[in-house]
Amino acid sequence: MMLTRENIRQAIDAIAKREPEIAYTLHTMLGKGSIDLLSASETLDEKKLYFTFGDKKPFVNKYQFFAGGTPCLEQVLLIQYGELARTRDLFHLDPVAAPGKMASKTDTAGLSLMLNYEIDLAADLLKKNIAAILKKNIQADEIPLVKLLRNRLQKILDLRNDSTDQIDFKDFEDDPRILFRGVVDEYTMAAFMRFPFSRDSLIQAGRLNLEFFHVRFLLNCLVTGTDHMLFACVAKGEIQGLIFLEMIRKLFYRGLEVKYVATRGGADSPLDPRPVKGAGTFIMAGVWGLWKSNLPEVKELVLESEIEAEKFYTAIGFHSRGLCRYTLKSPEGRLLTTIAAIAASSEKIHPSITSHLCKRVPDRIRLLKGKKTKNGQHRNALAFIKLSLHPASSDLLARTTVTQLLKNKSRIPEGEALLTLAKAFGRTQTEPLQTTSFLPVAIVIDKRYRNHLKGVAHLENYRRIKAVEDLLTTECLAGKWVKIAPRFADKKELIWVHTPEYVEKIETTAGKGLTSLDFDTQTTEESWSTARLAAGGVFSLLDRIMSGRSSRGFAFVRPPGHHAGPAGGSGFCIFNNIALGAKYLKHQYKVSKLMIIDIDAHHGNGTQEIFYNTDEVLFVSIHESNSFPGTGRVEETGSGKGQGFTINIPLEKGSRARDIGRALCFLAGPIAQEYRPEIILVSFGFDLYIHDRLSGMNVTPGGYALITALLLEVAAHASVGKIAFVMEGGYSLMGIRECGLAVMKEICNVPGISEDKIDRVRKSDFSHLSNLKRVIEVHKKYWEVLW
């Protein structure tokens, strides 16, 4: 494509419609030859269309001209005219002024003239649109569309009047428009942000003259309301690149298309352009982060590319789909490393980004082990691992990286050095957590727990305790645990949680036959003493842990407790054993920070009710949605001082262990690390079992091992390993035996679930679990880690 005199004449004619005096001068210059074409031999760059303007050789970006026609030529002519007019004024004021000083002033003058012209053009377009709507309906003055267009018009007029907030690109620490921070040029801080519409930023964009992004295009984004899809990379106090995105919407498909992207590496400016290396990769990393943080419905990134850029896009993970069209699902190479740098540099990172980075650690380790790995791949993988260990990276990513390094250190040339680096960063010990494994596991079990509902046909019967007694005799557990004798809870201890009237009501059932508290909760002759022994058994377990003689343990007690509220029993529960345990810790040991994790097919409504209005206890419940007792919705978050201290995670019927594991990894675990409880109490039900009669969940014995391993990991990183399990539901005897054995093996450090299975949950993507995303959305205002 060549530039012709007719093209220049058309551009001047377009200017004449708004600025006839300027156009007259330009036509005169064209007629006298002061504005003319360059010969082919004088062309300096095949990507630019040069012409003469007096003694200068300005250019039009060929891509801009091809895509948009004369507007970009109009802008160049106006800039040159503005510079010429300002030069004459300055010469008359100071005939002996230094040329360099004069050049900086004339450059800004030309850009300012051009910007005013474009602003007036955009404003008139919006005024015409508003007038057209009002002409059809004079009552339309208050309709939302007219209000919207008037807001856009005001933004554009503010640019003309120089009343917009100017942005200091050298100090963007607190700018809300910044989405991500990272690094370009190895050591230069950069920001990925929505384009900051201001007079300064538009003048800078006009000076850069990047492909596609002339000033009229940028202003047109404001006119059409697509400015939210325009983003910039800023570094060294300058715009380093721009990108414009577009959503692709089809029947069952959502894609995010990179419509235009350009960086200043090739920009030609009369002033120092100060380009940086890696701006293109940084911009694509910002777009990928935007996708994962805000657009979960999007399936992939797509773009069309010129042949010369193909190598760049394929190197960062794009795959060819047809002629010149590329798609990205998973970043590679420098792009993945840049995303890791963004995750380490930005204050808040969406959990899905951390999850993806965790999933990529094993394949980066494989690249470090590989003998045939290319130098570039090895270098990028090494940089990724170092960033993952950095103190600013997430704890989850660092732990995942160290675990993989420990497994493979002998097969990685840099293995020892990387582990030394991890230690220097204060990231982790160089061996798996062993802090409390030598302490014996405390177990509360007693034949007297069989006495409740003795002789009554009931799902919650004495055989549940018999099943536990059987599993504890398994040979692999021999010598791994110590039996703790339970004591009876006193009445004065019971009223820490329950009303005196309710406690007295249960006491009056002692020695009596079958007494119904509600439809499914009954007592018999020895229920009063058995229920006190259940609560006291939890106290005995906690005494053992708080004394330091054990760090973990399990109270296999009945009747269960988590449905019992202050004034009544429910759901087979008499007294709330776990809530009483929490109160015991506060009274006896002055514990100020406590966390209860309730993992049972049924919501722990009693425990929630007891602590709903207080911040004394952080309560997290993972349960089957729309099941008994009908409570436990995501929106139930506590009230008063307890706001944010009740976290409900309802999972769909049929959920498996990996779904519960994701809830632990991405919600309960991070929150526990932020909260730092002194001990974690777990209301633990075996009714998640796949064949349990009272639930619809699909957890196998192996799944219970996985859940237990993750709970122990949460405690190891949040409460120095202190964790106490208390039995709640579970109505399949086979489920209690098989799942209970799997749980005990994990608690007693007997080899059980493989680390690879745990890793797959840690690194999995929970984005398809709508319930988890809902919980994060509701609770991110309370907990920083959930952003």
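**A tour of aromatic rings and a surface patch**

Select Phe-554, Phe-556, Phe-684, Phe-686, Tyr-704 and Phe-725, which ring pairs link into a cluster; rings of Phe, Tyr and Trp (its six-membered ring) pair if their centres lie within 6.5 Å, and planes under 30 degrees apart count as stacked, over 60 as edge-to-face and the rest as tilted. This is a predicted model, in which local features need pLDDT of at least 70 and side-chain atom pairs count only at pLDDT 80 or more, while totals for chains, interfaces and linings use all residues. Residues are numbered from 1 along each chain as its sequence is written, and side-chain values use heavy atoms, with hydrogens and water left out.

By the pairing rule there are 32 aromatic pairs. Keep Phe-554 and Phe-684 in view: their rings are edge-to-face, 6.0 Å centre to centre with 80° between the planes. Phe-554 belongs to strand β16 (residues 552-555) and Phe-684 to strand β20 (residues 679-684), so this pair ties together parts that are 130 residues apart in sequence; strands are DSSP runs (E, at least two residues), numbered from the N terminus.

Since Phe-725 lies in strand β21 (residues 723-727) and Phe-684 in strand β20, the pair ties together parts 41 residues apart in sequence. Both Phe-684 and Phe-725 are buried, meaning under 20% relative accessible area (1.4 Å probe, protein chains only).

Finally, move to Trp-291 and Lys-292, where the charged end of Lys-292 sits over the ring of Trp-291, 4.2 Å from its centre; the criterion is NZ of Lys or CZ of Arg within 6 Å of the ring centre and within 35 degrees of the ring normal.

Key. Helices (H or I, at least four residues) and strands (E, at least two) are DSSP runs, numbered from the N terminus. Buried means under 20% relative accessible area, exposed over 50%, partly exposed in between (1.4 Å probe, protein chains only).
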